[in-house]
Amino acid sequence: MPLLGLLPRRAWASLLSQLLRPPCASCTGAVRCQSQVAEAVLTSQLKAHQEKPNFIIKTPKGTRDLSPQHMVVREKILDLVISCFKRHGAKGMDTPAFELKETLTEKYGEDSGLMYDLKDQGGELLSLRYDLTVPFARYLAMNKVKKMKRYHVGKVWRRESPTIVQGRYREFCQCDFDIAGQFDPMIPDAECLKIMCEILSGLQLGDFLIKMAWKDVRHEMVVKKGLAPEVADRIGDYVQCHGGVSLVEQMFQDPRLSQNKQALEGLGDLKLLFEYLTLFGIADKISFDLSLARGLDYYTGVIYEAVLLQTPTQAGEEPLNVGSVAAGGRYDGLVGMFDPKGHKVPCVGLSIGVERIFYIVEQRMKTKGEKVRTTETQVFVATPQKNFLQERLKLIAELWDSGIKAEMLYKNNPKLLTQLHYCESTGIPLVVIIGEQELKEGVIKIRSVASREEVAIKRENFVAEIQKRLSES
């Protein structure tokens, strides 16, 4: 049937008149004759053709393609993030891209309206995952897991107005680290803050500060410690000044606070946290902030966000405003929402804003004019003469079998200059050359692309020589 589109206009008219004849007398009930089927197909094709005269090829709003250059940068960022998670003992895991809609609803508060709902498929109402935290809590409850330290890297979807110029998308990647389980106070919390500092320092994005929301600290003191609201507000007077260790010490010296048992208990937790942060060497990176607010409803304790104090910019440009680049907090009640008996598993975690970080790194590379190698090829197999495809295939197979990243041109008789230009343009450091003279003498020439120096190595030793050079580079 697709071949109909190739028919001349007169043939179309003739065929159409035949296909649109009244149904034959033998057509009864649910059975349709061939002419009726053909008519339906043809009508559909004509309609589709008429409706797409100005079809535009584009990515959906709030999404993007990632070129090979983009992927190199992204993978470097993800490698650094994941290696940090593993260094702290986290196990990797994954969950489905979509969950039952009832699993996700009422977990995000006002943000629930931003979920992508899917059509009924197989009798289940589904939604694309909004973040990686709620699926993790569902996993813990479903599998009755009481303790776990995990990391998760995956895509999530949010139906919001995207601001792509600032690294905000409808489809984006999240990198999460979480500690689930009942532990002594503030130790897991301090480690999460330490991880956040390690990653942001390793990415070399510039100076940053991690802010802790006072409103959540106040709520925890009033609800969990039984602190009188007026006493908590007295502490808040101090917090308005911003600060960390010194601020906590200052509050301990206040006679109105030091004589209140509940206030001392709350301040004790804060002091304990900052003691751990001091031992980790990051206390100067943490500050209270009255303005900090998170939209998600499942947080139950202290929340925090990391913001950059300065971002790379070109001369005369305004600083890039990308918001927070990492965030997290404690959500002790979320797992209990999925447990039939309401059993709670205390949790604390963090999420790295990969898209925003990627945007910053991308802008910095543009400013510096940095070029990106899109492959990791180490060796190129070349020949200066015709009819040497078989010899090149033998050499490249030896390199691959030895774990060396190698390439060659897919031509029987490529020109040597074309092969060498390819190596220079793609940044391949070494070339192995095989020709009539090399074959006759039982050697292989190894050429340095940068210096253009060549050396002849015995055929049986060329792989070892290349491995040696690669290990020294």
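A word on the ground rules. This is a predicted model, where local features need pLDDT of at least 70, side-chain atom pairs count only at pLDDT 80 or more, and totals for chains, interfaces and linings use all residues. Residues are numbered from 1 along each chain as its sequence is written, and side-chain values use heavy atoms, with hydrogens and water left out.

Let's stay with the cysteines. Are they buried or exposed? Buried means under 20% relative accessible area, exposed means over 50%, and partly exposed is in between, with a 1.4 Å probe and protein chains only. Cys192 is buried, at 0%. Cys347 is buried too, at 1%. Cys197 has 4% relative accessibility, so it counts as buried.

Cys197 sits in helix H6, residues 187-202. Helices here are DSSP runs of H or I with at least four residues, strands are runs of E with at least two, and both are numbered from the N terminus. What does Cys197 touch, leaving aside neighbours within four places in sequence? Phe208, Ile210, Ile282 and Lys285. Contact means heavy atoms within 4.5 Å. Take Ile282: it is 85 residues from Cys197 along the chain, yet their C-alpha atoms are separated by 7.3 Å.

Next, helix H14, residues 416-426. Its buried residues are Gln419, Leu420 and Cys423. Down the helix axis they fall within an arc of 95 degrees, so they line one face of H14. That arc is taken from the directions from the helix axis to the C-beta atoms. Why does such spacing work? An α-helix has 3.6 residues a turn, so residues three or four places apart point the same way. The face turned away from the buried side of H14 carries the exposed residues Leu417 and Ser425. The cover over the buried residues includes strands S11 (379-382), S13 (430-433) and S14 (443-448). Just after H14, Gly427 takes a positive phi of about 80 degrees.

Most residues other than glycine have a negative phi. Gln204 has a positive phi, near 55 degrees. It is in the loop between H6 and strand S6 (208-213), and is exposed at 60%. Asn387 also has a positive phi, about 65 degrees. Its place is the loop between S11 and helix H13 (389-401), and it is exposed at 69%.

Last, the spaces. On a 1 Å grid over the protein atoms alone, a cavity is a set of points where a 1.4 Å probe fits but cannot get out; a pocket is an open set with protein on both sides within 12 Å along at least five of seven lines; lining residues have an atom within 4 Å of a point. Points join across faces, edges and corners, and a volume is the space filled by probe spheres set on them.

The second largest pocket has a volume of about 520 Å³. Of its 23 lining residues, the closest to the centre are Val72, Val73, Lys76, Ile77 and Val372. The largest share of the lining, nine residues, comes from H3.

There are three cavities of 30 Å³ or more.
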